[in-house]
Amino acid sequence: MDESGHLHVAGNMHNVPLVYFRTTRAGDVTSLERIPSMVGTNEARCTYPEFFVGPTGKLVFIYRDGGSGAGNHIFNTYDAATSTWSRLLDTPLTDGQGQRNAYPVGPVVGPDGSWHLAWVWRDTPDATSNHDLSYARTQNLVEWQRGNGEVLALPITLATSDVVDPVPINAGMINNNTKVGFDAENRPIVGYHKYDEAGNTQLYNARLENGRWVVYRTTDWTY
């Protein structure tokens with residue numbers, strides 16, 4: 001729901017044109033009507049739509065433009081006064097450069113007031129091609145940083161990522177299973193799973209400690 005009480009709905013999309021509805025009367029779900037586009041570009045192959053309220057109180061919409069293994073992550077922002085969408089970023093947040101795409105989870109607001117995002121890169125539609133757990137944080141969704149505070153130029157590519165754990169392909173890491181949490185000192189932790197040296201699946205937690213990521217194995221599973 002936006003600042004003026006209008007409901008926005010998007011869904012039933014996987015590499016298809018944008019499916020988006022908005023109410024014409026605030027607070028009245030029966031007034032939902034189909035809106036053919038938001039911004040008008042990069043809306044032909046949409047996946048993973050997500051709405052959330054950004055740091056300024058405005059509605060934000062994020063989605064993947066492109067297919068699995070070859071897509072970019074787009075951020076839009078909504079102006080309730082004019083009922084119009086525009087790009088929050090003048091570039092995708094992540095760019096797979098036609099060779100891969102990011103599978104982000106978040107952004108999640110932390111106790112430090114920053115927004116935290118974790119993702120894996122995936123090279124093909126085959127989930128075994130997930131690799132390189134990565135991270136970024138921001139105060140305003142526009143300017144992004146590594147865990148150590150260094151500025152990240154946009155769009156973020158594999159080469160410029162803040163890699164939390166350089167997990168290779170075929171190593172048991174699954175997209176969308178990278179969860180951000182925080183410890184008692186408000187340090188970000190990324191939870192995920194991958195294979196151990198014996199090929200068993202294990203749960204790991206990587207914590208940002210003094211500007212660097214330290215990986216802890218959390219389980220002792222035998223399968």
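**Strands and hairpins in a predicted model**

Q: Which residue takes a positive phi in the hairpin of β18 and β19?
A: In this predicted model, Asn 210 has a positive phi near 55 degrees. The hairpin has two residues between the strands β18 and β19.

Q: How many bridges pair β18 and β19?
A: Six bridges, in the antiparallel sense. Strand β19 covers residues 212-217.

Q: And what stands opposite Val 215 in β19?
A: Ala 206 does.

Q: What about β17 and β18, parallel or antiparallel?
A: Antiparallel, with seven bridges joining them. Here β17 is residues 188-195 and β18 is residues 201-209.

Q: Which residue in β18 is the bridge partner of Ile 189?
A: Arg 207.

Q: How many residues sit between the strands in the hairpin of β17 and β18?
A: Five, and in that hairpin Gly 199 takes a positive phi near 90 degrees.

Q: What holds paired strands together in general?
A: Strands of a sheet pair through backbone hydrogen bonds.

Q: New topic. In what order do the strands of the open sheet with β1 come?
A: The order is β1-β3-β4, three strands with antiparallel pairing.

Q: Which are the edge strands?
A: β1, residues 8-10, and β4, residues 32-34. Each of these pairs on one side only.

Q: How many degrees are neighbouring strands of this sheet turned against each other?
A: On average 25 degrees, direction ignored.

Q: How many bridges join β1 to β3?
A: Three, and the two strands run antiparallel. Strand β3 is residues 20-23.

Q: Which residue in β3 is the bridge partner of His 8?
A: Arg 22 is the partner.

Note on methods. Residues numbered from 1 in each chain as written. Predicted model: local features only at pLDDT ≥ 70, side-chain atom pairs only at ≥ 80, totals over all residues. Heavy atoms only, no water. Pairing = 2+ DSSP bridges. Helix = DSSP H or I, 4+ residues; strand = E, 2+ residues; numbered from the N terminus. Axes fitted to C-alpha atoms, helices over the stretch in contact; angles between N-to-C directions.
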